[in-house]
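Subject: Structure handover

Hello,

Here is the structure you asked about, followed by notes on what turned up in it.

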Amino acid sequence: MSDQTIEVDPVTLEDDYDDDGGSGYTGSGSTMTLMSAAKVYVYENGRRFHGWREGRYAMPNDEEEQDRMDLQHHICLLALSGELYVAPAMKDPKRILDLGTGTGIWAIDIGDSYPDAQVIGVDLSPIQPEWVPPNVSFEVDDIEQLWLYADNSFDFVHIRQLTGFINDWPRLYAQALRVLKPGGYFEAQEFVGIGCDDSSVPIDSYMFRWFDLWAEGIKRAGKQLPDSHADGLVSAGFANVVYRRIKIPIGLWAKEESGKEIGLYMRQHFIEGGESIALAVLTRFLGWSKEEVDMLLVSFRRDLMIGRYHGYTRFHCTYGQKPEKEKVMEGVNEGGKGEEEKEQKKKEQKEEEEKEQKEGEKKEQEEEVKEEKIG
Ligand SMILES: C[S@@+](CC[C@H](N)C(=O)[O-])C[C@H]1O[C@@H](n2cnc3c(N)ncnc32)[C@H](O)[C@@H]1O
């Protein structure tokens, strides 16, 4: 797939919803080092969110959202002809890092592809499966904090679909540069925005409105929403930066079979995932009620089904290579602030472990007392 204008199927498509004006939405179909604290979840407007570092990330982590992430993974693979990344092929990698790993599906696939590499997936939520390849492990951590990984210790650092949820991208690029081995690659993949090349989607369509409102909420929350990471990677000191974008049709309007297939999945992804993506952003940052979001989603789903609308979203892939001669990033690679933060983070982790241990011991004692009473 490419960023060329997508050829439209000349056969006029029927709208995919009933004539009764309904939305056509049929409801959603479709070895771990984890801190127990992260398993405490919070509920908001009927959806489950991460509880550890509560409020950091504005999308749910429940099963419905996990299904959306896995469907999106499938769409990414279709867009990249089955490839997990677009950077030059890795040769005998030893360590791979997946930031904001979600269900861990990319980490597991890359672990299967490179059985000799150790793959680490990091996320705020411990929602990854327990049965994973032996070379894949998951950690609960906040990637916006200082990373404790050693300098020059990874061959590849991957992040997917985190634009709009990171406060400080330059800091993240700098940390990635620090932990990468010279010659190693950082790659970011993002779906951003709604587009149309032939004006078939009216500018007041809910396809645009849904995205524009989401983007406004993200801006209001003070998050950065880069689609291309190219400038950021160059500024951080990466070399050989490459940016590629691919148009992904939404619906069945593309002429080519491959376009129809991916378009069908993309439309379903928005129908089922529209709420996951927009709910907390609109309620938390724009002050909308759940009912207002529901109404917006009905209109959004209706417009997604209109066959004459030739809308698409863009898949943005950016990668950059750590130069052989390392550029030192102030405050992150050097001592001073970075070292202080590292010490502070180690202290916090130790305190958290001690707290967990104490709670565990207390629970054990309580259980012993209970057993004694029963006995
Ligand atoms: C949209 S999902 C993408 C998941 C995965 N990268 C994929 O493409 O399948 C974003 C994930 O990033 C995680 N996340 C968001 N902010 C984070 C942070 N500050 N630290 C760690 N994980 C974070 C979320 O919990 C969520 O699982």
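The shell around the ligand holds 10 nonpolar, 8 polar and 5 charged residues. Please keep in mind that this is a predicted model.

The ligand

There are 23 residues around the ligand, and those that come nearest are Tyr57, Gly100, Gly102, Ile143 and Arg160. Three elements each supply at least two residues of the shell: the helices α1 (63-79) and α2 (105-113), and the strand β4 (118-123).

The chain as a whole

The protein chain has 375 residues, and 38% of them are buried. Its secondary structure comes to 8 helices and 9 strands.

The seven-stranded sheet

Seven strands form an open sheet with mixed pairing, in the order β5-β4-β3-β6-β7-β9-β8. Its edges are β5 and β8 (239-249); each has a single partner strand, so one side of each has no neighbour in the sheet. From one strand to the next, the twist averages 15 degrees. As background, side chains in a regular strand alternate between the two faces of the sheet.

At the β5 end, β4 and β5 run parallel and are joined by 5 bridges. One of the pairs is Val119 with Val136, the latter being in β5. How far is β5 (residues 136-140) enclosed by the rest of the structure? Of its 5 residues, 4 are buried, so the strand is largely enclosed.

His158 stands opposite Glu187, which belongs to β7.

Is Pro249 buried or exposed? It has 26 C-beta neighbours inside 10 Å, and the cut-off for buried is 20 or more, so Pro249 counts as buried. The C-alpha atom of Pro249 is separated by 8.6 Å from that of Arg314, although the two residues are 65 apart along the chain.

The β1-β2 hairpin

Strand β1 (residues 41-44) and strand β2 run antiparallel, joined by 4 bridges. Within this pairing, Val42 stands opposite Phe49 of β2. The hairpin has 2 residues between its strands, and Asn45 takes a positive phi near 50 degrees there.

Helix packing

Helix α6 (residues 257-285) packs with two other helices, α1 and α7. With α1, the angle is about 155 degrees and the axes are 10 Å apart. That makes α1 and α6 roughly antiparallel, since the cut-off for that description is over 145 degrees. Their crossing is left-handed.

With α7 (residues 290-304), the axes of the two helices come within 10 Å and cross at roughly 155 degrees. Helices α6 and α7 are therefore roughly antiparallel to each other. Which hand does the crossing of α6 and α7 have? α6 passes α7 in a right-handed crossing, whereas the crossing of α1 and α6 is left-handed.

Residues in loops

Arg53 has phi near 55 degrees and sits in the loop between β2 (47-50) and α1. It has 16 C-beta neighbours inside 10 Å, so Arg53 counts as partly exposed. Gln161 has phi near 65 degrees and lies in the loop between β6 and α3 (169-179). With 19 other C-beta atoms within 10 Å, Gln161 is partly exposed; the cut-off for buried is 20 or more.

Ala117 is in the loop between α2 and β4. It has 19 C-beta neighbours inside 10 Å and so counts as partly exposed. Ala117 and Phe154 are 37 residues apart in sequence, and their C-alpha atoms are 9.9 Å apart in space.

Regards

Conventions. Residues are numbered from 1 along each chain as its sequence is written. This is a predicted model: local features need pLDDT of at least 70, side-chain atom pairs count only at pLDDT 80 or more; totals for chains, interfaces and linings use all residues. A residue is near a molecule or strand if its C-beta atom, placed from the backbone, lies within 6 Å of it. Ala, Val, Leu, Ile, Met, Phe, Trp, Tyr, Cys and Pro count as nonpolar, Asp, Glu, Lys and Arg as charged, and the others, Gly among them, as polar. A residue is buried if 20 or more other C-beta atoms lie within 10 Å of its own, exposed if 12 or fewer, and partly exposed in between; C-beta atoms are placed from the backbone. Two strands pair if DSSP finds at least two bridges between them. Axes are lines fitted to C-alpha atoms, for helices over the stretch in contact, and angles run from 0 to 180 degrees between N-to-C directions. Angles under 35 degrees count as roughly parallel, over 145 as roughly antiparallel, 65 to 115 as roughly perpendicular and the rest as oblique. A crossing is left-handed if the near helix is turned anticlockwise from the far one by less than a right angle, and right-handed if clockwise.
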